[in-house]
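Subject: Structure handover

Dear colleague,

Here is the structure I said I would pass on.

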Amino acid sequence: MKYRHSLILGGVILCLGLMVPVWGFSGETGSQFLIGFTALDEDEIDFKEVEGLENFDLKDKMNLSDMISIGAAGYSNLAGEKTALGVEYGAIFSGMADDVDSTTANGQTEMSADGSLLLFDIFLGPQINTRAGDKIRFYCGAGPLLMYGHISADFEQDGTEETDEIDISENDSALGVGGYLRFGAEFSISRDSALGMGFRWFTASLDFNDTLGDVDINGPQVFFNYTASF
């Protein structure tokens with residue numbers, strides 16, 4: 001088992017183990033609205049698998065690894081007061097678009113590429129959270145996720161005596177499963193609302209047959225959040 005899968009599994013087991021001693025309904029629930037960014041492994045997003053690009057010599061590679069992310073999450077405490085145990089759930093959407101252009105040394109061959117990558121996942125897992133005084137709440141959760149990915153890419157190159165014309169458009173989708181581990185802190189700004197910052201590390205395996213091939217989608221995500229509790 002890869003180390004990242006072991007880390008997530010360990011987080012799930014720890015949270016579940018903490019939930020065993022006391023089990024009851026403490027009543028608090030909350031909703032988080034998230035905005036931030038995702039950093040993927042750039043080497044995983046390589047279009048070398050696309051048929052017809054063997055002679056495509058684009059000097060600058062598209063970078064779809066730094067993504068803007070938005071989402072929503074919720075939690076329900078099931079046991080405890082100051083330190084509470086419960087469940088969390090949510091959905092996160094991430095996207096990025098990029099385009100690059102270059103010219104061969106002789107200035108005659110124009111080459112360009114543009115593409116976009118969209119990711120959407122839903123997640124569910126146990127959560128433990130604790131309060132430091134009346135204003136600060138810390139939380140940590142881990143569990144499985146289901147991810148959908150869609151990629152779109154266009155490649156163009158004007159033909160010359162030395163090169164053939166290239167005009168390739170690809171759209172590809174994939175569905176995969178994975179896991180996540182997230183934690184964060186937030187500061188109360190009123191009785192029922194808070195502002196905070198959180199970190200999520202996730203992993204999923206997606207198979208883009210026509211473009212990227214098998215891709216390990218994983219990396220860190222950083223979010224700023226607004227939380228409303230009930």
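This is a predicted model: local features need pLDDT of at least 70, side-chain atom pairs count only at pLDDT 80 or more; totals for chains, interfaces and linings use all residues.

Overall fold

The protein chain has one helix and eight strands. Read from the N terminus, the order is α-β-β-β-β-β-β-β-β. Of the 230 residues, 46% are buried. The accessible surface is about 11,800 Å², and carbon and sulfur atoms account for 58% of that surface. Taking contacts between residues at least 6 apart in sequence, 72% of them join residues at least 24 apart.

Strands β1 and β2

β1 and β2 are paired antiparallel, with eleven bridges. Within this pairing, Phe33 is opposite Ala72 of β2. Strand β2 is mostly covered, with ten of its 14 residues buried.

Glu44

Glu44 sits in the loop that connects β1 (29-39) and β2 (66-79). Its relative accessible area is 26%, so Glu44 is classed as partly exposed. Beyond residues up to four places away in sequence, Glu44 touches Asp214, Val215 and Asp216. A polar atom of the Glu44 side chain lies 3.4 Å from the backbone nitrogen of Asp216. The C-alpha atoms of Glu44 and Leu212 are 7.9 Å apart, although the two residues are separated by 168 residues in sequence.

Gln221

Gln221 belongs to strand β8 (residues 213-229). With a relative accessibility of 1%, Gln221 counts as buried, because the cut-off for buried is under 20%. Apart from neighbours within four places in sequence, the residues in contact with Gln221 include Phe37, Ser69, Ile92, Ser94 and Phe202.

Salt bridges

Side chains of opposite charge can pair when their charged atoms come close. In the whole structure, four salt bridges were found. Three of them are described here.

Glu88 and Arg182 form another salt bridge, their closest N and O atoms being 3.1 Å apart. This pair links distant parts of the chain, as Glu88 is in strand β3 (residues 83-103) and Arg182 is in strand β6 (residues 166-190), 94 residues apart. Glu88 is buried at 0% relative accessibility, and Arg182 is buried at 5%.

Arg137 forms a salt bridge with Glu186, and here the closest N and O atoms are 2.8 Å apart. Arg137 is in strand β5 (residues 136-157) and Glu186 in strand β6, so the pair ties together parts that are 49 residues apart in sequence. Arg137 counts as buried at 1% relative accessibility, and Glu186 is buried with a relative accessible area of 5%.

Best regards

Notes: Residues are numbered from 1 along each chain as its sequence is written. Side-chain values use heavy atoms; hydrogens and water are left out. Helices (H or I, at least four residues) and strands (E, at least two) are DSSP runs, numbered from the N terminus. Buried means under 20% relative accessible area, exposed over 50%, partly exposed in between (1.4 Å probe, protein chains only). Contact means heavy atoms within 4.5 Å. Accessible areas come from the Shrake-Rupley method with a 1.4 Å probe; for residues, only the protein chains shown count as cover. A polar contact is a pair of N or O atoms within 3.5 Å; within protein, one must be able to donate a hydrogen and the other to accept it, and residues adjacent in sequence count only if both atoms are side-chain atoms. Two strands pair if DSSP finds at least two bridges between them. A salt bridge is a side-chain nitrogen of Lys or Arg within 4 Å of a carboxyl oxygen of Asp or Glu.
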